[in-house]
Amino acid sequence: MTDIVFSGEALISYTLLIVIGLAIPVGAALIWRFGFKKGTLAATFAGAGMFLVFAMILEPLLHQVMLPLVSGNLVLYCVYGALAAGIFEETARFLCFRFLKTQ
């Protein structure tokens, strides 16, 4: 068994990337909410969570099944990619508005 060793610089870089990757979206949501008085914080994070589930988890599962079927035809590949992105993102938005909307 081979041990994987990370240097101290790599660990610091990875930690910094995680902090930046989380701080920018959360900071933008807070600025949007408190700076412009638009929407609620719950709605903002519900929308972000729905996007994460649908576009980052469920959509790649469909891609694993469909991409081998459409990879030979460029037009079919483009149409599938556009439809898959639209359907998953709009379904997430619809479900968020329908079931998680705030008063």
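This is a short talk on one protein chain and two of its residues.

Okay, let's start. What you see is a predicted model. The chain has three helices and zero strands. Read along the sequence, that gives α-α-α.

Now the overall form. The radius of gyration is 19 Å, whereas a compact globule of 103 residues would come out near 13 Å. Along the principal axes, the C-alpha trace spans about 50 × 50 × 25 Å. Of the 103 residues, 13% are buried. The chain exposes about 8,200 Å². Carbon and sulfur atoms supply 74% of that area.

What about contacts along the sequence? Take those with a separation of 6 or more: residues 24 or more positions apart account for 49% of them.

Next, zoom in on helix H2. H2 covers residues 41-70, and Leu52 is found there.

Now look at Glu59. Glu59 sits in helix H2 as well. This residue is buried, yet Glu59 has no salt bridge. Where is the nearest side chain of opposite charge? That is Arg93, 11 Å away. A salt bridge needs the charged atoms within 4 Å. So what does Glu59 touch? Leaving out residues up to four places away in sequence, Glu59 touches Phe54, Ala84, Ala85 and Phe88.

That's my tour. Thanks.

Note on methods
Residues are numbered from 1 along each chain as its sequence is written. This is a predicted model: local features need pLDDT of at least 70, side-chain atom pairs count only at pLDDT 80 or more; totals for chains, interfaces and linings use all residues. Side-chain values use heavy atoms; hydrogens and water are left out. Helices (H or I, at least four residues) and strands (E, at least two) are DSSP runs, numbered from the N terminus. Buried means under 20% relative accessible area, exposed over 50%, partly exposed in between (1.4 Å probe, protein chains only). Lys and Arg count as positive and Asp and Glu as negative; His and the chain ends are not counted. Contact means heavy atoms within 4.5 Å. The radius of gyration is taken over C-alpha atoms; the globule rule is 2.2 Å times the number of residues to the power 0.38. Accessible areas come from the Shrake-Rupley method with a 1.4 Å probe; for residues, only the protein chains shown count as cover.
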